[in-house]
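Welcome, and thanks for opening your viewer. Let us walk through this structure together, one selection at a time.

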Amino acid sequence: MRLSQQDVSNGLEMSRGSYSRLESGQTTVSAEDLTKIAAILQIRACYLLGEDPEDESATRRDDVVRLYEDIEPDMQPAALAMIQGLHDKFPSGEEDNEAAGETRH
C-alpha cells in the first residue's frame, strides 16, 4: 500500500501540514491519532512505536491504548498520569532496567 501524506492526513481529518509535523516529530502524536494512523496503514500501533508486533507485551500495550481511548476525554489526563506512574514504578524491559541503574547478569 502506498499512501501519500495527504491520504493519511485526510484519514486523520487534519491538514497535510499538521500530519507532516506529526510525522517529523515536531508535534506529539496522541494515542487516538496513533491508533488511527495504524488503522489507515493497516498495521499495529506497536509497530509505529518501533516494537516487535510478534511480542506479546506489545499486544498488551495496543490493548492499553484502545482502553485509554474509551475513557471520557476529561478523564484522560488523570488516566495517563496513572499509567505513567505505573510504568515508572514497574519498568518492564531491559532498557527500563538500565535506565534505573540496574543490570542483569
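How many helices and how many strands does the protein chain have? The protein chain has 7 helices and 0 strands, where helices (H or I, at least four residues) and strands (E, at least two) are DSSP runs numbered from the N terminus. From the N terminus on, the elements read α-α-α-α-α-α-α.

A word on what you are looking at. This is a predicted model, in which local features need pLDDT of at least 70 and side-chain atom pairs count only at pLDDT 80 or more, while totals for chains, interfaces and linings use all residues. Residues are numbered from 1 along each chain as its sequence is written, and side-chain values use heavy atoms, with hydrogens and water left out.

**The whole chain**

Show the surface. The accessible surface of the protein chain comes to about 7,800 Å², and 52% of that belongs to carbon and sulfur atoms; accessible areas come from the Shrake-Rupley method with a 1.4 Å probe, and for residues only the protein chains shown count as cover. Of the 105 residues in the protein chain, 18% are buried. Buried means under 20% relative accessible area, exposed over 50%, and partly exposed in between (1.4 Å probe, protein chains only). Among contacts (heavy atoms within 4.5 Å) between residues at least 6 apart in sequence, 24% join residues at least 24 apart.

**Stop one: helix α1**

Select residues 5–12, which form helix α1. Which residues of α1 are buried? They are V8, S9 and L12. Seen down the axis of α1, these buried residues fall within an arc of 100°, so they line one face of the helix; the arc is that of the directions from the helix axis to the C-beta atoms. Their cover includes α2 (16–24) and α3. Just after α1, look at E13, which takes a positive phi of about 60°.

**Stop two: the nonpolar core**

Now select V8, L12, Y19, L22 and I37, the 5 residues of the largest nonpolar core. Such a core is a set of buried Ala, Val, Leu, Ile, Met, Phe, Trp, Tyr and Cys residues joined through side-chain atoms within 4.5 Å. The elements giving two or more residues to this core are α1 and α2. In soluble globular proteins, nonpolar side chains tend to be buried together. Click on L12: not counting residues up to four places away in sequence, L12 touches Y19, D33, K36, I37 and I40.

**Stop three: helix α3**

Move to residues 31–41, helix α3. Here D33, L34, I37 and A38 are buried. They cover an arc of only 140° around the axis, which puts them on the same side of α3. The buried residues of α3 pack against α1, α2 and α4 (45–48). Just after α3, Q42 takes a positive phi of about 60°.

**Stop four: charges in α3**

Select K36 and E32, which both lie in α3, 4 residues apart, about one turn of the helix. K36 forms a salt bridge with E32, with the closest N and O atoms 3.3 Å apart. A salt bridge is a side-chain nitrogen of Lys or Arg within 4 Å of a carboxyl oxygen of Asp or Glu, and the structure holds 1. K36 is partly exposed, with a relative accessible area of 30%, and E32 is partly exposed at 44%.

Finish on D33. Not counting residues up to four places away in sequence, D33 touches L12, M14 and L22.
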